[in-house]
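Please read these points with the coordinates open.

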Amino acid sequence: MAEMDKVFAGAIPDLYDRLLVPLIFAGYARDLAARVARLKPHDILEIAAGTGVVTRALAPQMDANARLVATDLNQPMLDLAAERQGDDPRITWRQADALALPFQAWSFDVVLCQFGAMFFPDRVQAHREAHRVLKPGGYFLFNVWDAIEANELPLAVTEALARHFPDDPPRFLARTPYGYGDPAAVRADLEAAGFRNITLETLEMKSGALSAEEIATGLCQGSPLRNEIEVRDPTGLHAATRAAADALRQRFGEGAIEGRIRAHVVSASR
């Protein structure tokens with residue numbers, strides 16, 4: 001399942017951008033973009049850009065002569081990001097593996113990554129690559145979700161799917177996106193990669209208000225959780241989504257739903 005955790009293709013990019021971005025990502029994207037903008041960087045690298053929510057938040061705050069290279073492992077995500085962003089001569093889109101960045105050392109003032117570090121199969125190596133391509137004195141800024149227990153909506157969906165698949169519960173959400181929430185582990189990995197002046201700030205928000213059906217569809221069908229469900233039941237994606245939606249309604253009520261979400265925002269210097 002670990003290899004499938006990184007696959008964002010097919011119907012996933014559109015559902016991810018349309019449902020999950022406003023649900024859980026947009027607020028943290030604005031926060032991360034503001035932190036980067038305050039540093040006034042000229043050369044910026046974005047890792048795991050996804051469908052470009054941070055790119056869109058940062059672009060209006062960039063200097064006219066700045067440049068941003070936005071990368072992701074999954075080309076379909078970048079294609080949608082580029083379409084959503086529109087033409088901007090300051091922004092370049094490039095498929096790249098965070099564990100082997102195709103850039104020379106000392107190339108960027110800032111490296112940023114929104115909710116991508118959890119997906120790296122070797123996090124220390126990915127952090128080393130960020131360290132390598134940063135200029136001396138440059139900054140690595142990223143965020144990671146806290147444990148799934150601190151994030152009410154994905155927890156409710158994970159618990160619902162455990163009941164739906166009692167013999168083999170899908171664990172993608174707890175294992176990967178919500179599996180790197182220990183600040184001590186994050187700090188240790190950054191130190192091993194050579195970073196210093198490491199700070200971690202825990203930032204709690206409320207999720208965007210969507211219906212139970214939209215939340216369940218976003219999480220079950222707009223993320224690699226979809227791959228886990230379809231492996232267990234190739235024709236059962238919609239039934240699993242309904243089970244998740246029913247659980248959300250039972251817990252949070254009818255109509256628009258909000259839930260507590262919590263993440264750690266990390267800054268480190270080279």
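1. A polar contact here is a pair of N or O atoms within 3.5 Å, where one must be able to donate a hydrogen and the other to accept it. The model is a predicted one. In it, a polar atom of the Ser-223 side chain lies 2.8 Å from the backbone oxygen of Leu-219, and that distance falls inside the 3.5 Å limit.

2. Ser-223 sits in the loop that joins α8 (212-221) to α9 (225-232). Is Ser-223 buried or exposed? Ser-223 counts as buried because its relative accessibility is 5%, and the cut-off for buried is under 20%. Once neighbours within four places in sequence are set aside, the contacts of Ser-223 are Ile-12, Leu-20, Phe-172 and Gly-218.

3. The largest pocket has a volume of about 520 Å³. Its lining is made up of 38 residues, and those nearest the pocket centre are Phe-8, Ala-48, Phe-115, Gly-116 and Phe-119. Sorted by class, the lining of this pocket has 27 nonpolar residues, 7 polar and 4 charged.

4. Which elements supply at least two residues each to the lining of the largest pocket? They are α1 (12-38), β1 (43-47), α2 (53-58) and α6 (172-175). Of these, α1 gives the most, with 4 residues.

5. Ala-48, one of the residues nearest the centre of the largest pocket, belongs to the loop between β1 and α2. Phi of Ala-48 is near 55°, which is a positive value in a residue other than glycine.

6. Lys-40 also has a phi near 55°, again a positive value in a non-glycine residue. Lys-40 is placed in the loop between α1 and β1. With a relative accessible area of 59%, Lys-40 is exposed, since the cut-off for exposed is over 50%.

7. How many cavities of 30 Å³ or more does the structure hold? There is 1. The volume of the largest cavity is about 60 Å³. Lys-40 is among the residues that line this cavity, together with Ala-37, Pro-41, Ile-44, Leu-58, Gln-61, Met-62 and Asp-63. By class, the cavity lining has 5 nonpolar residues, 1 polar and 2 charged. Lys-40 is therefore both exposed and part of the cavity lining.

8. Ala-156 is part of helix α5, which covers residues 152-164. Ala-156 is buried, as its relative accessible area is 5%. Not counting residues up to four places away in sequence, Ala-156 touches Leu-248, Arg-251 and Phe-252. Of these, Arg-251 is 95 residues from Ala-156 in sequence, while the C-alpha to C-alpha distance between Ala-156 and Arg-251 is 8.1 Å.

9. How many disulfides does the structure hold? The number is 0. Cys-113 is buried, with a relative accessible area of 2%. Cys-220 is buried as well, with a relative accessible area of 0%.

Conventions. Residues numbered from 1 in each chain as written. Predicted model: local features only at pLDDT ≥ 70, side-chain atom pairs only at ≥ 80, totals over all residues. Heavy atoms only, no water. 1 Å grid on protein atoms, 1.4 Å probe; cavity = no way out; pocket = protein on both sides within 12 Å on 5 of 7 lines; lining within 4 Å. Points joined across faces, edges and corners; volume = space filled by probe spheres on them. Nonpolar A, V, L, I, M, F, W, Y, C, P; charged D, E, K, R; others polar. Disulfide = S-S within 2.5 Å. Buried < 20%, exposed > 50% of the residue type's maximum accessible area, 1.4 Å probe, protein only. Contact = heavy atoms within 4.5 Å.
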